[in-house]
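Student: I have a structure open and would like to learn how to read it, one feature at a time. Can we start with charged side chains?
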Amino acid sequence: MARRGLAAEAAGTAVSPSRTVTLRISRENPADARGGERGFSVHKVPVEKWTTVLDAILDVKKHIDHSVAVRYSCRQATCGSCGMLINGRPRLACFTKIDELGADTVTVEPMKNFPVVRDLVVGFERLFEAHRGVKPYVVGAGGSGGPPGAAEAAPQTPEELERFVQFSACIKCGLCNSACPTMATDSSFVGPQALAQAYRYVADSRDKGREERLKIIDESHGIWRCHFAGSCSQVCPKGVDPAMGIQLLRGYLLGFRK
Amino acid sequence: MRESTIMRIHYGTALGAVALVAVHVLFRFTQDFSDSLQYESVIANYQFLPYAGLLEIILVLLSIHGFNGLRVVLLELRQGRAYEKAVSYGCLAAMFAVIAYGSRTIIMASAGTVS
Ligand code: SF4
Ligand code: FES
């Protein structure tokens with residue numbers, strides 16, 4: 001009788017050996033009446049080639065310590081909820097495979113430049129406020145936001161779309177704000193996320209709110225406080241390139257771009 | 001004043017200062033470098049009016065650029081309405097003071113009141 005086994009092509013597939021990594025999770029509860037000092041809980045977690053950092057954290061949460069606070073939703077780099085510092089760099093936990101880190105110890109901490117709610121969860125109030133502040137919608141001819149009228153819904157040429165489409169990929173994850181050195185010192189700085197969105201709408205041929213929007217960002221804690229470190233663009237998981245958006249916006253303010 | 005206007009002035013003064021300081025440095029090559037620092041040589045420079053004018057413009061450009069730079073650094077250091085007002089007016093006052101003091105020196109030296 002012929003032996004039944006794996007099909008030839010399947011047998012050729014290299015199976016990644018599972019290994020164990022040390023996962024250090026930052027633990028902190030500022031609301032704790034006893035002071036809520038920051039520390040780390042350390043866990044050994046088994047990982048496969050496909051295990052993401054979020055998978056590992058959820059593993060700990062499910063099997064070892066359910067009190068670990070982490071925010072997530074889509075698990076596919078779409079909702080922007082799971083931003084955190086992973087081995088010192090802002091990344092999406094659901095979009096970062098442990099294998100690609102090339103380290104036996106993975107340290108996860110809350111994003112910098114955001115207030116910590118608990119453990120890995122941070123407050124997004126400042127980001128959302130700045131985002132709302134730049135009017136992140138197509139402003140109609142009457143100066144209103146909301147659903148576009150006939151004129152705003154007019155079709156665009158591929159070239160017109162090309163000018164801003166990259167910037168519309170932003171998922172508001174806040175990684176750029178977390179990496180920004182100006183955000184770290186200037187608590188009133190509008191931030192790369194909101195500035196990139198300001199550019200996204202300023203560059204939209206249907207938008208009639210350019211002057212208003214440029215005025216909003218042209219203040220003492222606005223666009224001019226960017227020192228072009230470029231770290232925002234380095235960490236953006238969606239390829240938005242906020243640093244470039246900021247420079248293009250400056251072009252409008254300095255009169256180089258129309 | 002809008003921040004973009006201030007930053008236009010900031011960038012403009014930087015470019016102007018780089019160009020004029022280059023001219024100023026090139027003047028050093030007209031004689032031996034150690035000679036150019038001699039007292040008589042320095043006074044002679046001030047008494048050559050176009051050169052004194054050049055120094056005055058450099059003084060104004062660098063003061064505007066430098067004190068606006070300082071304002072920006074201080075604004076990023078701390079925030080708050082009163083603090084920001086104090087920084088802005090403080091830097092403006094310091095800038096005028098430096099320009100006034102420097103201009104006084106240039107005028108006195110070129111008028112020959114310094115011997
Ligand atoms: S610009 Fe990039 S890093 Fe910043 S919030 Fe948007 S997607 Fe995230
Ligand atoms: S869980 Fe949605 S982006 Fe990571």
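Predicted model: local features only at pLDDT ≥ 70, side-chain atom pairs only at ≥ 80, totals over all residues.

Student: What is the N to O distance between A:R27 and A:D65?

Tutor: Their side chains meet at 2.9 Å, N to O. The pair links distant parts of the chain: A:R27 sits in strand β1 of chain A, while A:D65 is in the loop between α2 (53–63) and β3 (83–86), 38 residues apart.

Student: Are A:R27 and A:D65 buried or exposed?

Tutor: Both A:R27 and A:D65 are buried. Buried here means under 20% relative accessible area.

Student: And which salt bridge involves A:R118?

Tutor: A:R118 pairs with A:D119, at 3.7 Å from N to O. The two partners fall into separate classes: A:D119 counts as buried because its relative accessibility is 3%, whereas A:R118, at 33%, counts as partly exposed.

Student: Let's stay with A:D119. What is its phi?

Tutor: The general idea comes first. Most residues other than glycine have a negative phi. Now the case here: phi of A:D119 is near 45°, a positive value in a residue other than glycine. You'll find A:D119 in the loop between β6 (116–118) and β7 (121–122) of chain A.

Student: Where does A:R75 lie, and how exposed is it?

Tutor: A:R75 is in the loop between α2 and β3 of chain A. It is partly exposed, since its relative accessible area is 44%. Look at its backbone too: A:R75 has a positive phi of about 60° although it is not a glycine.

Student: Back to charges. How many salt bridges are there over all chains?

Tutor: A search of the whole structure finds 16. One of them joins A:R19 and A:D99, whose closest N and O atoms are 3.7 Å apart. A:R19 lies in strand β1 (residues 19–27) and A:D99 in helix α3 (residues 98–101) of chain A, so this pair ties together parts that are 80 residues apart in sequence. A:R19 counts as partly exposed because its relative accessibility is 28%, and A:D99 counts as partly exposed at 33%.

Student: How do I read the chain A fold as a whole?

Tutor: Start with the inventory: chain A has 11 helices and 7 strands. Of its 258 residues, 47% are buried. For the contact pattern, take pairs at least 6 apart in sequence: 65% of those contacts join residues at least 24 apart.

Student: How many residues of helix α8 of chain A are buried?

Tutor: In helix α8 (residues 192–202) of chain A, 11 of its 11 residues are buried. As a general point, an α-helix has 3.6 residues a turn, so residues three or four places apart point the same way. In α8 of chain A, the buried set includes A:Q193, A:Q197 and A:R200 along with A:L195 and A:V202. Their cover includes α4 (125–133), α6 (175–179), α7 (181–185), α9 (210–217), α10 (231–235) and α11 (242–254) of chain A.

Student: What about helix α3 of chain B: which of its residues are buried?

Tutor: In α3 (residues 39–47) of chain B, B:S41, B:I43 and B:N45 are buried. The elements covering them include α1 (3–28), α2 (33–36) and α4 (49–77) of chain B. In the loop between α2 and α3 of chain B you'll find B:L37, which counts as exposed because its relative accessibility is 59%.

Student: How much area do chain A and chain B bury between them?

Tutor: About 1,300 Å², 48% of it on carbon and sulfur atoms. On the chain A side, A:D218, A:W224 and A:R225 lose the most area to chain B, together 37% of what that side buries. The contact takes 18 residues from chain A and 13 residues from chain B. There are 3 salt bridges between the two chains, and A:R225 forms one with B:E3, with the closest N and O atoms 2.9 Å apart.

Student: Last one: which residues come nearest to ligand 1?

Tutor: Of the 13 residues around ligand 1, A:C170, A:C173, A:G174, A:C176 and A:C236 come nearest. The shell divides into 9 nonpolar, 2 polar and 2 charged residues.

Definitions and conventions
Residues numbered from 1 in each chain as written. Chains lettered and ligands numbered in written order. Heavy atoms only, no water. Helix = DSSP H or I, 4+ residues; strand = E, 2+ residues; numbered from the N terminus. Buried < 20%, exposed > 50% of the residue type's maximum accessible area, 1.4 Å probe, protein only. Contact = heavy atoms within 4.5 Å. Near = heavy atom within 4 Å. Nonpolar A, V, L, I, M, F, W, Y, C, P; charged D, E, K, R; others polar. Buried area = accessible area lost by both parts, 1.4 Å probe. Salt bridge = Lys/Arg side-chain N within 4 Å of Asp/Glu carboxyl O.
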